[in-house]
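Open the model in a viewer and keep the selection panel at hand. Each stop below says what to select and what is found there.

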Amino acid sequence: MSTHPLIDELVRTFKAEGRIVIVGASLAGLRGAEALRDEGFTGSLTIIGDEVHEPYDRPPLSKQVLKGWVPAGNTKLPRLRAIDADWRLGVAATGLDRDNREVLLANGDKVPYDRLLIATGVRSRAWFNPEERKLKGLYTLRTSDDAARIQEAFKARPKRVLIVGAGFIGSEMASVCRDLGLDVTVAERSSAPLVGPLGGVIGDIAAKMQRDAGVDLRTGVAVEALKGDADGHVRQAQLSDGTLLDVDVVVASLGSIRNVEWLEGADLASGFWGVACDAGCRAFDINGVVTDNIFVAGDIARAPHVLYEYQFMAIEHVDAAVLGAQTAAHNMVHLERGRRPHLPLPQFWSGQFGVNIKGVGVCSFGDEIVFTQGSVEDLRFAAAFGKNGRIVGAITFNHGKWLEYYGRLIERSAPFPPPPAGYDVPANSEPMSARFPDPREPTGIPDVVLTGHDPTSRGAEFRPKAR
Amino acid sequence: MTTAETAWTEAMKYENRHDPYRFFDELRKTPVVQVADRVYVVTGYRELLQLAHDPHVSSDISKSPISAQPAHTKPDVGAEHMTAYGREPSLIVSDPAKHDKQRRQVMRHFAPPHSPDVIPNMAADIQKLCNDSLDGIKAGIKGPGGGTFDVVDDYAYPVPVAVICQILGVPLKDEPTFHGWIFDFMAGADMGPDAKTDEGQARLAKGKESTAALTAYMRDLIEGFLSEPQDSVLSKLVNDKDGPDGPMTPKEAAANALLLLIAGHDSTVNTIAHCVLTLLRNPESIELLHEKPELIPKAIEEVLRLQSAVQFFPSRSVTADIAVGGTVIPAGSAVHLLYGAANRDPKRFPEPEKFDIQRPDNQHVGWGRGVHSCVGGPLARLEVNIALETFLRRVENPRLVVDPPPYRVNQVFRGPLHLDVSFDRITD
């Protein structure tokens, strides 16, 4: 018998009669819904998504789909169980009324909730010039529809594709272009591909992979303008080094923007960084006070991570979305003592230029790198990232079967550099600077200001940016 | 002797071959424990996973203290036999980068992405071989009242051996010859106390002789492929001019050919036999599979958990001190990863002794883990699936004649020597 029959009764009633709304109908939203039913939640469940499609898998979009192996519509996520939900697809959430506990929809509907799961994720950053944005032949990649359009464009065998931005997605798309025998130019502002997540040492290796595959890789340049023909189709790109490039297809791969606009005015700790939450997936309000009924999962969630000095981090990886959603679901139907933390060990992968890249931890948290196993020259190696004498991340190129070893070291905050392997030790196994970009570059304008002087009146205020 | 040493000796004794697991349970009280001078065994699931991925655990048999001991005192003649997969070490007893290169060279002609059709293309032949075996048994029945057959010799063995011969390009007509050699090789590799008996010594001597014959046979076969290339894995292995790693040297190819021939059928035989044995010990599971044949793949994985086809592989040693499961394994020690024991770790598998076809989250280590995980897994899965499905569909009312059945000598490649099953009828 519980010593708190009243509270237990509340939990039972909530599980039977509560109303849960999930905003976001992608991986985190779907897995969260399934987990809620697994947890014995039998109340009403509503899933809201701005896309008309049922939840689908995104990683294949930049790989198998663009290559033409799999139609864009064929990556639906497997359903792990029946969820008996009210699906509101194709209608975006436009607002959150916390006083009345309602999600406001684009069509004017209001959906009441007792508990809310925010899983609205990210979208791709649009081309910066609104006029040029209208050009035909200019694409971004995030959704299944995006992938279908780019696949069409690749299939028409353009004379040259320009990829702007050499992060993981941009690099994967360039790889697909080469597989399809398309001429492709990649323009990257920094010194090499993948520098943001993996640093300059790995970036140089990625650059060589691209060039060896026949990619016209141009680093240290920005694309300043796009020029169209009379039909409004993109034909040329103006680079910051003065080059004018003839192109028929441009894919802007400029990173992502978090879908937080609908939360404006809801007084949550939301902004360009996502929605801040605790390790139990509960959202913080604008003052940094934890909320009771609003939970966050997926790419949009930013929580303190025990392994990384408790810094708030958004872990934008597939398994973090799944595990975060499951933890959020669990905590939505449990009370304090039954709750559990979401403490993901970040894991990610990419496939490009015939190389399987797999990583663990947060490599960019480190400042040093050491090659630990294999051969860089043969593109089969493992490398560890360190900070302050401990391992914080690891990356493998065609060496993914070793990843578990590094994951374990990271979980235990093991010393950096790790002891030399018993065999297959790389030619250069001395730690060196990982060459990450300087973090002191300004990242954006603050959206929140502190107001009030009296302790009782002191609080944060949301200042929407002029749009 | 310590308790662990005694448990290990008992587990390796022939008389306990049908059930080493109770001794593994005893060993697991210390998940990583010393069982002999410079020999450690790992019985805990988490501990095994940690070591299977640690680059300070070497599979290079020449680094193992076991291979350094003089022959007459060797507790572990198995290891020597493993080396004798040809004079060159094969990939299973090698470390990266050599292992990785050889594995790439093999996989190129055997599996995706370069050879995606080799395994699926065997499905029709496997089905036919299974049916032919049962047809042969059926034809041999005299009069009414059903009959009896040996699942090992009459069913589980003929199918995989024919399949691997076809894939590798080993003439099936030579099977009667190399069958005996492989049997001797396996019987000679006794890691237990029985090896010290006169019979054990005789088996060892015979095993050495047969291994030499096998090695010579493989060398000749490979030589033949060099002058007359064929459409088979072994021939392509030594004639590959297009791959990034080039052709394998004839010596390396002979070593790996021996490995692929033996590992390519022997564990499959044991798994098919253990599948039948386990199902017949749990008749309600047969009903379940008749109702839901789509559960057969899960049933096979559960059998592999309970009766891991390779119980451990005795070539590993540690290149540095490793702290694991509360024990420090000193650098240079041999370490046996006991898959069959880790698969019954109650900390990982609730009610580990229970045969539960629908066991959730059955991430057993029966295929190994890390860079040495089973090369032939996809082929074995296909073979065992078809063999088991066909057995369940065609053999009416099968019953065990002897339980436990007699086992083979070998501890590593552990399986029944014979498995007699009686039945009412074999349907068409």
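Start by selecting A:Val275 in this predicted model. Leaving out residues up to four places away in sequence, A:Val275 touches A:Ile118, A:Val260, A:Leu263, A:Leu268, A:Ala269, A:Ser270, A:Ala283, A:Val296, A:Ile300, A:Ala301 and A:Arg302.

Now extend the selection to the core. A:Val275 is among the residues with the most contacts inside the largest nonpolar core, which has 129 residues. A second, separate core has 123 residues, including B:Leu129, B:Val233, B:Val303 and B:Phe423. In soluble globular proteins, nonpolar side chains tend to be buried together.

Select the whole of chain A next. Chain A contains eight helices and 31 strands. Its radius of gyration is 23 Å, close to the 23 Å that the globule rule gives for 467 residues, so chain A is as compact as a globular protein of that length. The C-alpha trace of chain A spans about 70 × 60 × 50 Å along its principal axes. Of the 467 residues in chain A, 44% count as buried. Among the contacts in chain A between residues at least 6 apart in sequence, 63% join residues at least 24 apart.

Colour chain A by domain. Domain 1 is made of 5-123 + 257-338, domain 2 covers 132-254, and domain 3 covers 354-433. Between the C-alpha centres of domain 1 and domain 2 of chain A the distance is 32 Å. At their contact, 14 residues of domain 1 of chain A meet 16 residues of domain 2 of chain A. On the domain 1 side, helix 3 (residues 64-67) of chain A gives the most, with three residues. By class, that side of domain 1 of chain A has five nonpolar, five polar and four charged residues.

Move to residues 27-38 of chain A, which form helix 2. Helix 2 of chain A is mostly covered, with ten of its twelve residues buried. The buried ones are A:Leu27, A:Ala28, A:Gly29, A:Leu30, A:Arg31, A:Gly32, A:Ala33, A:Glu34, A:Ala35 and A:Leu36. Their cover includes strand 1 (19-23), strand 2 (44-49), strand 7 (115-118) and helix 7 (318-332) of chain A. Just after helix 2 of chain A, select A:Gly40, where phi is positive at about 90°.

Show both chains for the next stop. The contact between them takes 14 residues from chain A and 15 residues from chain B. Strand 26 (368-375) and helix 8 (403-411) of chain A each supply at least two residues of the chain A side. By class, the side of chain A that touches chain B has five nonpolar, four polar and five charged residues.

Finish at A:Pro415, in the loop between helix 8 and strand 29 (432-433) of chain A. Is A:Pro415 buried or exposed? A:Pro415 is exposed, because 12 other C-beta atoms lie within 10 Å. Leaving aside neighbours within four places in sequence, A:Pro415 is in contact with A:Gly389 and A:Arg390.

Definitions and conventions:
Residues are numbered from 1 along each chain as its sequence is written. Chains are lettered from A and ligands numbered from 1 in the order in which they are written. This is a predicted model: local features need pLDDT of at least 70, side-chain atom pairs count only at pLDDT 80 or more; totals for chains, interfaces and linings use all residues. Helices (H or I, at least four residues) and strands (E, at least two) are DSSP runs, numbered from the N terminus. The expected span of a helix is 1.5 Å times one less than its number of residues. A residue is buried if 20 or more other C-beta atoms lie within 10 Å of its own, exposed if 12 or fewer, and partly exposed in between; C-beta atoms are placed from the backbone. Two residues are in contact if their C-beta atoms, placed from the backbone, lie within 7 Å. A nonpolar core is a set of buried Ala, Val, Leu, Ile, Met, Phe, Trp, Tyr and Cys residues joined through C-beta atoms within 7 Å. The radius of gyration is taken over C-alpha atoms; the globule rule is 2.2 Å times the number of residues to the power 0.38. Domain bounds come from an automatic or database domain assignment. Ala, Val, Leu, Ile, Met, Phe, Trp, Tyr, Cys and Pro count as nonpolar, Asp, Glu, Lys and Arg as charged, and the others, Gly among them, as polar.
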